[in-house]
Amino acid sequence: MKISRRNFVKSATLFGAACCGGGAAWADGSGKERLRMGVLSDIHIRCDKPEQGEMFRKALEYFRDRGVDAVLLAGDIADTGRVAELEICANVWYSVFPNGKAPDGRPVEHLFVLGNHCVDGWRNPHYRSPSTDEQARLADAIGYADVRQKTWRRLFHEDFQPIWMKTVKGYPVIGAHWEKSDGGIRIEEFMKAHAKEIDPSLPFFYTQHEHPKDTVMGPWAWGHDDGRSTRALSAFPNAVAFSGHSHYSLTDERSIWQGAFTSINASSLYYGSNEYALRENGRDNAFGYTGEKRARRMKALGLSQCRQGQFVTVYDDRIDIDRLDFISGMALGDKWVLPLPVAEKKPFDFAVRRAARVAPEFASGAKVSVAIRKNGEGAEFVDVTFPHAETKNKCRVFEYEVTAALEADGVDLIQAQRRVLAPDFYSLDEPSFHRSGLCTFLSKDLTLKGPYRFTVRPIECFGAKGRPIASELVKIA
C-alpha cells in the first residue's frame with residue numbers, strides 16, 4: 001500500500017499523538033525529555049531504484065516533523081557499493097535537513113555507518129558498475145579506502161573514521177563502520193580507550209551493521225558478528241546498541257534484548273527477512289541449524305512490503321522506542337519502554353519475557369481444510385490451510401506447527417510435522433492485514449497410507465503454543 005506525502009504526514013502525526021500522549025513534548029509519563037532520535041537500517045539505495053531514495057526521504061520527513069535531534073542509520077546505505085548511491089543518500093539528507101539543521105534552525109546530527117553492501121557490494125558481479133572502464137569502476141567503489149575517505153568528506157563534511165564517537169545533547173553515540181570483507185571491527189580496543197568518556201549514570205548509544213552475537217533474536221540469528229562487540233559492550237550495562245543486517249521484522253519481539261547491555265534490531269527500510277531455518281516457507285540460515293537436507297515443499301515467504309524503523313525518545317527516567325511501519329504510517333506494536341538507569345532494570349531480558357508470554361489461539365469454530373492436488377509431473381501434494389490465529393494478551397502468532405498423523409486401530413501415529421511462518425507475522429497486527437496459513441506436504445513423505453488427520457497449533461515468537469485445531473479424516477493413498 002503506497003501513501004502520499006500528505007497522508008503519510010497525517011498518519012505520522014496521529015501515530016505520535018496515539019503513542020506519546022500528544023502535546024509538544026510527546027511525553028506520557030514522568031521525567032523530562034532529553035533527546036529524540038530516528039533509527040533506520042538497510043535503506044539499500046540504488047541508482048536504478050529511485051523508490052528507495054524516496055522511501056528514505058519519507059522516513060526522514062517523518063523524523064523531521066517529530067523534531068528529531070539525530071538520525072541513526074545502521075548500515076547498508078548503498079546497495080551496490082557505488083559512490084553515486086552514497087551521493088543520493090547525502091542529497092536526500094540535506095534536502096530534508098539543509099546544512100544539517102531542522103526547520104527551526106536546530107542542528108540534526110547524522111549518525112551513519114556503512115554496511116557490507118556499502119563496502120563489498122561492488123565486488124558482486126550482479127551489482128557491477130555499468131562502466132566498462134576498469135579505472136572508472138574502481139573510482140566509483142566505496143570499498144576502496146581512498147575513495148571512501150574522499151567521498152565521505154565531500155558528502156558529509158567530516159573525516160571518515162572506521163569507529164567514531166559523537167555527542168548529541170549530552171549523550172555519547174559510538175558508531176563502527178563495516179571495514180573489512182569479514183565484517184571485522186576493532187571495537188574492543190576502542191571501548192577500552194574511551195571508557196572514561198562515558199558517564200555510567202546515563203545511557204549511551206552504539207551502532208554497527210551486524211547484530212552483536214548472542215543478543216537480539218537469539219544465538220541462531222542470521223547476521224550476527226563474531227562476538228567481539230558483545231564482549232566490548234558487556235562491560236557497559238548502560239549501552240544501548242542498534243544494529244541491522246538481518247532485515248528481521250520489528251514485529252518479532254526478540255528484536256530487543258537485555259543482558260549485560262541492551263541490544264536492539266533496527267530492521268530494514270528495504271525488505272524483510274525470511275532467514276528462519278526449519279520453516280517450510282522460510283529460507284536457510286547459515287548461522288542457525290544447517291543439518292536439514294530435506295527439500296522443502298513451499299516457496300519462501302516473500303516480505304517485500306516491509307519498510308520499518310524506530311523513533312527513540314530519551315527521558316530522565318526511561319527510553320521510549322516506537323516501532324514504525326513506513327508504508328502505512330502506523331505503529332507496528334506497543335512501544336518498548338526501557339526504564340532508566342538501564343543497568344538496574346531489565347524488563348526485556350529474554351528469560352523474564354518468555355515466562356510471561358501466553359499463546360495465541362484460534363477462534364472458536366476455526367477449521368482446518370485439506371486438499372490433494374497433482375502437479376504437471378504427477379507428484380501428489382497435500383495442502384493444509386487454516387485461519388489466522390488470534391492475538392492473546394498482546395502475544396501474536398509468529399508461526400504454526402502442522403502435524404500429519406495416521407489414525408487407525410485406535411492409534412494416532414505422527415508421520416510428519418512441519419513449521420510454517422505465519423504469512424503476516426511481519427506486518428501490522430490488525431484484521432485487514434491478517435492472512436490464512438498454508439502448509440504443504442508431499443504425499444510420498446507420508447509413508448504409511450490410510451486415514452490422516454492434520455492438526456495445527458499457533459506459536460508465538462518465544463515458543464508458547466496454543467491449542468490445536470484439526471481437520472476431518474482424509475484418505476492418503
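Predicted model: local features only at pLDDT ≥ 70, side-chain atom pairs only at ≥ 80, totals over all residues.
## Reading contacts and a pocket

Student: Okay, and what does D320 pair with?

Tutor: D320 forms a salt bridge with K335, and the closest N and O atoms are 3.4 Å apart. To read such a pair, look for a side-chain nitrogen of Lys or Arg within 4 Å of a carboxyl oxygen of Asp or Glu. K335 has a relative accessible area of 18%, and under 20% means buried, so K335 is buried.

Student: Where in the chain do D320 and K335 lie?

Tutor: D320 is in strand β11, while K335 is in the loop between β12 and β13 (336–339), so their bridge ties together parts 15 residues apart in sequence.

Student: How many salt bridges are there by this rule?

Tutor: The count comes to 39. One of them joins R66 to D322, with the closest N and O atoms 3.2 Å apart. R66 belongs to the loop between α2 (50–65) and β2 (70–74) and D322 to strand β11 (residues 318–325), so this pair ties together parts 256 residues apart in sequence. Both R66 and D322 are buried.

Student: Is R153 buried or partly exposed?

Tutor: R153 is partly exposed, with 39% relative accessible area. R153 bridges to D159, and the closest N and O atoms of that pair are 2.9 Å apart.

Student: Now the rings. How do I read an aromatic pair?

Tutor: Check the distance between ring centres, then the angle between the planes; over 60 degrees counts as edge-to-face. Searching the whole structure turns up 27 aromatic pairs. Take W222 and F287: their centres are 6.1 Å apart with 80° between the planes, an edge-to-face pair.

Student: How accessible are W222 and F287?

Tutor: W222, at 22% relative accessibility, counts as partly exposed. F287 is partly exposed too, at 34%. Now look at F425 and Y426: their ring centres are 5.8 Å apart and their planes at 80°, so this pair is edge-to-face as well. F425 and Y426 are buried.

Student: Which residues form one aromatic cluster?

Tutor: W93, F97, F112, W152, F156 and F160 do.

Student: And what sits over the ring of F398?

Tutor: The charged end of R254, 5.0 Å from the ring centre. Likewise, R318 lies over the face of Y315, 3.7 Å from the centre of that ring.

Student: Last one: how do I read a pocket?

Tutor: Rolling a probe the size of a water molecule over the atoms shows where empty space is left. Here, the largest pocket holds about 560 Å³ of space. Its lining has 29 residues, and E253, R323, R357, K394 and C395 are the closest to the centre.

Student: What kinds of residues make up that lining?

Tutor: There are 14 nonpolar, three polar and 12 charged residues in the lining of the largest pocket.

Student: Which element gives the most to it?

Tutor: α9 does, with three residues. Both β12 (330–331) and α9 (350–356) supply at least two residues each.

Notes. Residues numbered from 1 in each chain as written. Heavy atoms only, no water. 1 Å grid on protein atoms, 1.4 Å probe; cavity = no way out; pocket = protein on both sides within 12 Å on 5 of 7 lines; lining within 4 Å. Points joined across faces, edges and corners; volume = space filled by probe spheres on them. Helix = DSSP H or I, 4+ residues; strand = E, 2+ residues; numbered from the N terminus. Nonpolar A, V, L, I, M, F, W, Y, C, P; charged D, E, K, R; others polar. Phe/Tyr/Trp six-rings, centres within 6.5 Å; stacked < 30°, edge-to-face > 60°. Buried < 20%, exposed > 50% of the residue type's maximum accessible area, 1.4 Å probe, protein only. Lys NZ or Arg CZ within 6 Å of the ring centre and 35° of its normal.
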